[in-house]
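User: I would like to go through the aromatic contacts in this model. Could we take them one at a time?
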Amino acid sequence: MNRWPLLVVVIAALGVGSCSKLTLAWADLKPDGPAAQPEVLGGFGSQGQISSLEDWTERRRPALKDALQANIYGYFPDSYKLAVLDRKVLDENAFGGGRLEEYKLRAQLHFGEATSETKIFYMDVVTPAGAPNAPVILIQTFCPRWDTLPHPAIYRPEDAGGCGGGPATGAMTYVFGRYIATPPTETILARGYAVATIFPSEFAPDRKEKGLAALKELSKGRAPGKQRWGAIAAWAWGYSLMIDALEQDADAPRDYISWGHSRYGKSALLAAAFDDRITGVISHQSGTGGASLNRQKKGESVKAIIDAFPHWFAKAYESYANAEGAMPVDQHQLLALIAPRPVLLGNARRDVWSDPNGAFRAALGADPVYKLYGAQGLDQNRLDVWAPGANLAYWIRPGTHGVVKEDWPAFLDFMDAHFLKK
Ligand code: GTR
């Protein structure tokens, strides 16, 4: 008897259970729930007034960054250094015509006088032939670098696992979509974009105990009272490290687009909020702690996320479990920090665990700040309008949690609208 179908279903069910809750509910296609609420620091949003762009950039923006670090994500390091230890071309003709390079990197960070343990990790980059300054999509996924860019020359430590090959991968892509681990790199290159990837678990493992231990080590020496950062913030820092490495030999300004799905969707947003060199974001199904409002939310609650992933956030976030209403900040303010840069929020109608409607209402709440810059913020009043040219673009498709066939064409259309040099 052929047992594969049964095995695939069992693995798939386990995967869905741990990564997003399978549900038959679907998101309402009109804003459905309270508008973005906290009016931190005099606030903005439906009632809030910001007196000027200067008021926003000089006063509220820095204060909001502090509030997000203090209440949700923990503190980024005071300073850090990235060194390129080695860089080599692995293949001049990879993925249908790209130059594949590998960087060996060393990061060292400081809180106050203390220096953390040094972290060594790798980055792989593929650039379209003849376009050394192509916009770069910075990618982090659940799977190691050698799965994101499958190529035999990519360095992998001995005995290193991964997502590649075998029935488990089949089950994973069956449940979470064909692009969950591996993007369509040939198509991306042909459309004129480079891809860079790191596996952030190389410096901040996505594991409760190991992750917390690494984060404590990475936070050594922070000022008393400053929250230890969580993995979401450490991975966000990972996007900045990638840019540091790529910038070292850039001979022209480049576009950098932080790309992430789900937990890395949260980090991709946070990275752009804290690093102005990121010129665009694609944050797919980022949910709680990402684009979706914390208050009165559907799907994953603060309690559910900190119980399942205690290493993702600062300790302070725990105090808002079942008390989301007391939060002095909310996720529309994270989105507003990215203004006026282009952001795409990707969603799926039945991925109610990540609360697509809450993400839409957060975008509505961030919109006034886009307008303040004179940028086209949200150009839709319901969830199912697709306006890729808007700087706050919201995309929803049918289906569930994952990166599926329809998603990358939408991501590419959004990037073409914003980053393709005419
Ligand atoms: C889920 C988690 C979500 C989301 C997801 C993922 O289990 O509850 O917040 O980030 O994992 O990363 O796939």
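User: To begin, is Trp-237 buried or exposed?
Analyst: This is a predicted model. In it, Trp-237 has a relative accessible area of 2%, so this residue is buried, the cut-off being under 20%.

User: How many aromatic pairs does a search of the whole structure find?
Analyst: The search gives 20 aromatic pairs. One of them joins Tyr-80 and Trp-237 in an edge-to-face arrangement, at 5.5 Å centre to centre and with 90 degrees between the planes.

User: Where in the chain are those two?
Analyst: Tyr-80 belongs to strand S1 (residues 79-94) and Trp-237 to helix H7 (residues 231-247). They are 157 residues apart, and the pair thus links distant parts of the chain.

User: And why does Tyr-80 count as partly exposed?
Analyst: Because its relative accessibility is 28%, which lies between the 20% and 50% limits.

User: What about Tyr-122 and Tyr-155, why is that pair tilted?
Analyst: The planes of Tyr-122 and Tyr-155 meet at 40 degrees, so the pair is tilted; the ring centres are 4.6 Å apart. Tyr-122 lies in strand S4 (residues 119-128), while Tyr-155 lies in the loop between helix H3 (145-148) and helix H4 (166-176), 33 residues apart.

User: Which of the categories, buried or partly exposed, applies to each?
Analyst: Tyr-122 is buried at 15% relative accessibility, whereas Tyr-155 is partly exposed at 35%.

User: Changing topic, which residues do ring pairs link into a cluster?
Analyst: The cluster consists of Tyr-73, Phe-142, Trp-235, Tyr-264, Phe-309, Trp-312, Phe-313 and Tyr-317.

User: Lastly, which ring does the charged end of Lys-65 sit over?
Analyst: It is the ring of Phe-274, with the charged end of Lys-65 placed 5.4 Å from the ring centre.

Key: Residues numbered from 1 in each chain as written. Predicted model: local features only at pLDDT ≥ 70, side-chain atom pairs only at ≥ 80, totals over all residues. Heavy atoms only, no water. Phe/Tyr/Trp six-rings, centres within 6.5 Å; stacked < 30°, edge-to-face > 60°. Helix = DSSP H or I, 4+ residues; strand = E, 2+ residues; numbered from the N terminus. Buried < 20%, exposed > 50% of the residue type's maximum accessible area, 1.4 Å probe, protein only. Lys NZ or Arg CZ within 6 Å of the ring centre and 35° of its normal.
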